[in-house]
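Please go through them with the sequence open.

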Amino acid sequence: MHTVFRIVDITQIDNNYPLYQVELKLTSDDDQQLRTLTERIREEVTIGTEWQRMGNLLLKIGQFDKAEELYKLLLEQTSEETDKARYYHQLGYINNAHGDYEKAICHYENSSEICEKTVPLNYPLLAITYSNIGEVYRNMGEYSKALSSHDKAFEIRQKSLPSNHSDFGTSYNNIALVYHNVGEYSKALSFCEKALGIFEKTLPLNHPVLAITYSNIGEIYQNMGEYSKALSSHEKAFEIRQKTLPSNHSDFGTSYNNIALVYRNVGEYSKALSFYEKALEIFEKTLPLNHPLLATAYNNIGEIYQSMGEYSKALSSHEKAFEIRQKTLPSNHSDFGASYNNIASVYHKMGEYSKALSFCEKALEVFEKTLLSNHPLLATTYNNISVICQDMGEYSKALSFSEKACEIRQKTLPLNHPDWAISYNNIASVYDNMGEYSKAVSFFEKALEIFEKTLPLNHPNLATSYISIASVYDNMGEYSKALSFSEKALEIYEKTLPSNHPDLATCYGCIGGIYQNMEEYSKALSFYEKTCEIFEKTLPSNHPLLATSYNNIALVYNDMEEYSKALSFLEKALAIFEKTLPSNHPSLANSYDNIGVIHQNMGEYSKALSSFERARDILRHSLSPNHPTIRTVGENIEIAKQKLQGNT
């Protein structure tokens, strides 16, 4: 063994020059962990001729463009069929990495056709090729084809390898990922655990593949709502990487991203942001400035800022991600669609619905050009457009786009996939806004049925469904049913989420609203105050959800005829909205409308009229002319005018 050092830390000496201080620790000859790992890696990268090994090395370090040039040159120069199969295979791998899935399939199929004609059917490269074809089909959203390809790879390995060979672990991991994508989480977990069992028997305990498998298990637990198990799995992956990699290796960035996502799901946004920033810091130090993982890191930070209500920061992060992709990807790459959807989501939250719709339509255009007509990302985009149309009061359009999403899911996903529940929830929400409550309840119950079949009994998505159903029953005036469903949701949230989670606050708000409609104002106020307390502890002081909470408290005080208190809370809400939202956001209009109602109840009709007119002016810029809210504000204006005339 040559002299080998562990890299302990790398520190930049001077910000103006690329000079770094590297702290090294000398390894000893009897370092068994290093010896075992080195032997394994040597086996993985020293197969084939010198040029083939060079190509493998270029792929391992992410130099895909240089690797592509090399393999194309080698393909032109060789007359050996088995070498051609290998080069086609590697070109397919590169195409997949670039997101050019059709070319990837073409090259992989060229490789498999040569292998089937020239080598035994249990030839290892054939299994790897089928496995990689499966991964491309998974990326394309063709899950049944993906599963079929992985099964072929598994069958070849069964004929040629011992039952505990590490390649079986790879097959199990790949099959798990497909089941994960189609929402069959228990099957996905089972296959990941099989993979883990094999890797633990056949690989060094600090091998990178074990870290990847723990990461996969963590992601499955996360989607199952088992956040503590998810965090534990991601931490195991992190520990393995700590033992084998330098502290600034890009794989740590992946670990930090995964841990951040768990914290985001449990509502610990500051912790999530901290881990996302650690990931970004590592990627900035170790990767080229235009590397796709940097774009992903900025997207993640953008999403967490959106959850925190910091929309300008969210938009800035998503725009940075977009700029990176502009420098490195072809203009019709599907990742641009993802960027457009993310930017649309921020504009939607900001109430700039026309901009949000425009970016969603750009995403749709990209996906229609680059993906199959039944790809899940198209369904997601149709759903996003549906939600925006709904908020604009264009309910028939909203319904139409939700149904398009359903048509795609019908072709590609099992009927109990969680994405079906998202579609049903969207359709239900449209019917709820249209006042067709029985249809709304029916679709919400369909969503609930899917969650009950596919998720653990205490999963937060079940609680969300209960709240949605409670809200419809509240609108129908069936308050006891509404209260029953909201209490079911509360029971789940209290068992599974931290006591200061925003979803728990939302649930308290829902219960408060029901008690308000039941005219039990002290109970309503108590629940609204619980909501407010959580938001004040966990969100920035200017977060729109805090303003909404103040609005709700104000409306209870209005019902209790404590108008000065009501006005005070409404003014707090308005101050937040004015600081954080665009001047034409509907929430601003809602605040002015509520303030107008209080002034009217206080007999201050000119102030009421002024507030109502400001609300109307805002809504005219943000909603369609026939939106119900515009009609309601118009009626308030007429009442205020009549009251003024009656006083003169």
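1. Helices (H or I, at least four residues) and strands (E, at least two) are DSSP runs, numbered from the N terminus. The model is predicted, so that local features need pLDDT of at least 70 and side-chain atom pairs count only at pLDDT 80 or more, while totals for chains, interfaces and linings use all residues. Residues are numbered from 1 along each chain as its sequence is written, and side-chain values use heavy atoms, with hydrogens and water left out.

2. The patch is formed by Phe5, Val22, Leu24 and Leu26, which together have about 380 Å² of accessible area. Patches are made of residues with over 30% relative accessible area and no salt bridge, like charges being joined within 9 Å and nonpolar side chains (Val, Leu, Ile, Met, Phe, Trp, Tyr) within 5 Å. The areas come from the Shrake-Rupley method with a 1.4 Å probe, and for residues only the protein chains shown count as cover.

3. Val22 has its place in strand S2, and with a relative accessible area of 41% Val22 is partly exposed. In these terms, buried means under 20% relative accessible area, exposed means over 50%, and partly exposed lies in between (1.4 Å probe, protein chains only).

4. A salt bridge is a side-chain nitrogen of Lys or Arg within 4 Å of a carboxyl oxygen of Asp or Glu, and by this rule the count comes to 21 salt bridges. One of them joins the side chains of Lys229 and Glu226 at 3.3 Å, N to O; Lys229 is partly exposed at 40% relative accessibility, and Glu226 is also partly exposed, at 24%.

5. Glu352 and Lys355 likewise meet through their side chains in a salt bridge, at 3.4 Å from N to O. Here Glu352 is buried, with a relative accessible area of 17%, whereas Lys355 is partly exposed at 37%.

6. A further salt bridge links the side chains of Lys481 and Glu478 at 3.3 Å, N to O. Lys481 is partly exposed, with a relative accessible area of 39%, and Glu478 counts as partly exposed at 30%.

7. Which residues does Gln516 touch, not counting residues up to four places away in sequence? With contact meaning heavy atoms within 4.5 Å, Gln516 touches Tyr521, Ala524, Tyr528, Asn552, Leu555, Val556 and Asp559. Gln516 lies in helix H24, residues 502–517, and is buried, with a relative accessible area of 12%.
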